[in-house]
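Subject: Structure for your review

Dear colleague,

Please find below the structure that I am handing over to you. My notes on what was found in it follow.

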Amino acid sequence: MREIKRRRSNQRFAWTAASWIVLLLSPLAPRPLVAQAKPDVPDLSVVRSALKKYEDPYVAIHDGYFSTLGCVEIARPGGAGQVPYMPGGMGVHFLNVGLIGPVPDPGKPQVLIYEPEGDKLRLVAAEWFVPLSTGVKERPTLWGRPFDGPMMGHPPLLPMELTHYDLHVWLYKPNPLGTFASTNPNLKCMGHPYRLVEEAPKLVPEPKP
């Protein structure tokens, strides 16, 4: 009888020990793939390939993109009533006015953005630019991302009255703030003869439908 009780006691102890092992190891068990999935990232490979020819600024000029000269940096975060820019570079903008319209085309950005590298320019990003004067009635979006703004222009390069929406896409230079951030802290204009340190532009009311 004692032997039977001892066996039952040993069986209970073995089950309890096994249960504790399972509980202790369960945090280390593989999680379902759904829980590990990363957020959706838009596929920008097509537009990246299409714009690669503009790594040569002469090709950009041939196709109607013209330099606005200044290399823009934002000195401090945007405050109340301003676009919430973070400090960082925005580079040298090449603008193609022939592409401006109310509906953005993912394959035809209005602006190409270059970073000075010595006496050369390196293509780093593109910007889709939609002025309110085009008659746009609602905030544009591309790749599921709403445009920033609407905002005033950026004097001295753009008249203050040139209110607009825009979307920056860092196609060729990694940006720690994100692919669609307006500024890139890793882009520097220091040493560029036309370096411009600006504040974030002021926001303006959205157009009425």
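Which residues form a disulfide, and how far apart are their sulfur atoms? Cys71 and Cys189 do, with the sulfur atoms 2.0 Å apart; a disulfide is here a pair of cysteine sulfur atoms within 2.5 Å.

Please note that this is a predicted model, in which local features need pLDDT of at least 70, side-chain atom pairs count only at pLDDT 80 or more, and totals for chains, interfaces and linings use all residues. Residues are numbered from 1 along each chain as its sequence is written, and side-chain values use heavy atoms, with hydrogens and water left out.

The disulfide

The structure holds one disulfide. The torsion about the S-S bond of Cys71 and Cys189 is about -70°, so the disulfide is left-handed. The pair links distant parts of the chain, 118 residues apart: Cys71 is in strand E1 (residues 66–74), and Cys189 is in the loop between strand E8 (164–169) and strand E9 (195–198). Helices (H or I, at least four residues) and strands (E, at least two) are DSSP runs, numbered from the N terminus. Cys71 counts as buried because its relative accessibility is 0%, and Cys189 is buried at 1%. Buried means under 20% relative accessible area, exposed over 50%, and partly exposed in between (1.4 Å probe, protein chains only).

Overall fold

The chain has four helices and nine strands, and buried residues make up 38% of its 209 residues.

Nonpolar cores

A nonpolar core is a set of buried Ala, Val, Leu, Ile, Met, Phe, Trp, Tyr and Cys residues joined through side-chain atoms within 4.5 Å. The largest has 36 residues, and those with the most contacts inside it are Tyr54, Leu112, Tyr114 and Leu171. Helix H3 (45–51) and strands E2 (88–95), E3 (111–117), E4 (120–131) and E8 each give two or more residues to this core. The largest share, seven residues, comes from E4. Leaving aside residues up to four places away in sequence, Leu112 touches Tyr54, Ala60, Tyr65, Val92, His93, Phe94, Leu123 and Ala125, where contact means heavy atoms within 4.5 Å. A second, separate core of seven residues includes Val72, Val83, Met90 and Met151.

An exposed residue

Tyr58 is found in helix H4 (residues 57–62). This residue counts as exposed because its relative accessibility is 68%.

Yours sincerely
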